[in-house]
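Look at the sequence and the model below. This report goes through a few parts of the fold in turn.

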Amino acid sequence: MIGTLLLKTFLVILPIIVIVVLLVKVKVATHYSALIGLGLTVVIAYLFFSTPLSVSVRAGAQGVFLSFPISLMVLFSLMQINYMEAAGALDRISVFLKTLSPGNREAQIMIMNLSAGTSLVSVGATPVSVLPPIMRSLGYENRLCIALPALGFDALCTFSMMAAPLITYCDLTGTGLVEAAKVFTAYLPAVSTILCFGMFYMVGGFAMMKKGFVPALLTGLSVGGTAYTIAHVEFFNSAIILSGVIAGIVSIFVMLAYLKLRGSVIIDRSVLTEKDREIEKGMSLAKAFSPWIILIAALLIVAFVHPVDQFLRVKMAMPVSMIPNVVTNVRLFWNAYFWVFLSTFLSMFILRPKKGQFGKAMANWMRRAPKPVITTIVFYVIGYLLNYSGYQVMEDGSWMLQDTMQNMVSVLSDSSALAFGSLYPLIVAPLGLFGGFITSSEASTLAMFSKYNILTSEQLGLNALVVTAATGIGGGLASVISPAKLQNASATIDAVGEENDVIKETFKISCVLVAVVAVMCWWFCKF
């Protein structure tokens, strides 16, 4: 029995091993590696877990629909960011960010990378593309220009892309948005604060950590504390999907208050070059921010105007069922990706891009978007294949799992419960880090491992929501060791190749953070 369990466990994790080898050793692109892993998963499910191909196809299709809050958000947020880049809006925003507190390095690092980074990633922008050139123009060395933006937005990665990972967690666990936010935000004040100190450690070791003690503490607690407050205070619950945006803005104001109390200069325009001033003259800041202003305003209406929320979320649920008795509500007009698309379109009447700029934006979008979208969808599909492997189609059309040893997730759950027992909460955050490394996404990590965590937690009598959230946070923290994200950052400052040395440093910080999350998960489960 043990021998069979071990063999089947190896077969379950074999596609993941192959993906890692392809990524790390063979240097195959992430989307190709994912597709190869998907094909191998289908073959193993068919040959060794008695899964009919029709079951794999329909389960995979359900996974595609489940991926929409992330995959379509990736698609349309990349469209928006490419459009803003081509129209000159990002250049104008970058000029503004350069002027913030250049005389206080500690505050500048916090405002630029953690506060602004958190808000940027929350509306679907990519801090590792936007911030490195600004950092370099301010005199930071290449390794910091690459590492700090990647570290900064990890603080509230769960609320990135209008809380798309959190919505995925809700879909996979059947949890309400408020309850889910409460579970995740229990971790965030500690994670965001330690992350701030980790950033200072990269800049100047323990001496810089000591020098930046107050800014790190203020920024970390204000970011994590804001998200915690929104989740736990009923009045603010409707703004949960905007938690990242709000937390980033709140932390900026906290830092500005800190600078004011210290008598430091908050806005210093002397750092601007002649080119920066030309960009500034060509576009107002409000105009540059218009796509995000429209987006946030629309989402606030959807969140706080109850009839609008009920109509778009409930009456326009658009249920899809590829698996008997399993329904995914697409909610096309409620999900944030629709409003990203609409805000981009409406902002065209304000930004008024030239024909050439629009064409350039669309060309860049079509070049950049397919790979991450494909990768996101594939890992969702793999997750659903794992979940429904071994299921058989009955005469009445229903699906039934007749033998749990034929289900890949059940096998992995049994082996994990046997191997780790009550210490299982300590491994889920590192598992999430591993999942985030291969998928480059917290949501994809949740898609792959949620059911596994739930089954294992139930076997061991643990809080499944707490355990699954720890995996998600671990997946989010993997951004700091993701080759794709760090290479993206290095490419924006013409420093491709230097990300390899950066990973060695950021890996240490990610290990500390994951260890903290692991201990917190164990503590929450025990007490």
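## Asparagine 237

This is a predicted model. Asparagine 237 sits in the loop between helix 12 (213–232) and helix 13 (243–262). Its relative accessible area is 16%. Because buried means under 20%, asparagine 237 counts as buried.

The side chain of asparagine 237 reaches the backbone oxygen of isoleucine 230 at 2.8 Å. Leaving aside residues up to four places away in sequence, asparagine 237 touches Val178, Ile230, Ala231 and His232.

## Helices 8 and 11

Helix 8 (residues 142–152) packs with helix 11 (residues 188–211) at an angle of about 175°, and their axes are 10 Å apart. Angles over 145 degrees count as roughly antiparallel, so helix 8 is roughly antiparallel to helix 11.

From helix 8, Arg143, Leu144, Ala147, Leu148, Leu151 and Gly152 take part in the contact, and they meet Leu195, Met199, Met202 and Val203 in helix 11. By class, this contact has eight nonpolar, one polar and one charged residues.

## Helix 18

Helix 18 (residues 336–351) has 16 residues, which at 1.5 Å a residue should span 22 Å. The C-alpha atoms at its ends are 21 Å apart, which agrees.

The buried residues of helix 18 include Tyr337, Phe338, Trp339 and Leu351. Among the elements that the buried residues of helix 18 pack against are helix 4 (68–87), helix 9 (160–173) and helix 16 (290–304).

Definitions and conventions: Residues are numbered from 1 along each chain as its sequence is written. This is a predicted model: local features need pLDDT of at least 70, side-chain atom pairs count only at pLDDT 80 or more; totals for chains, interfaces and linings use all residues. Side-chain values use heavy atoms; hydrogens and water are left out. Helices (H or I, at least four residues) and strands (E, at least two) are DSSP runs, numbered from the N terminus. Buried means under 20% relative accessible area, exposed over 50%, partly exposed in between (1.4 Å probe, protein chains only). A polar contact is a pair of N or O atoms within 3.5 Å; within protein, one must be able to donate a hydrogen and the other to accept it, and residues adjacent in sequence count only if both atoms are side-chain atoms. Contact means heavy atoms within 4.5 Å. Axes are lines fitted to C-alpha atoms, for helices over the stretch in contact, and angles run from 0 to 180 degrees between N-to-C directions. Angles under 35 degrees count as roughly parallel, over 145 as roughly antiparallel, 65 to 115 as roughly perpendicular and the rest as oblique. Ala, Val, Leu, Ile, Met, Phe, Trp, Tyr, Cys and Pro count as nonpolar, Asp, Glu, Lys and Arg as charged, and the others, Gly among them, as polar. The expected span of a helix is 1.5 Å times one less than its number of residues.
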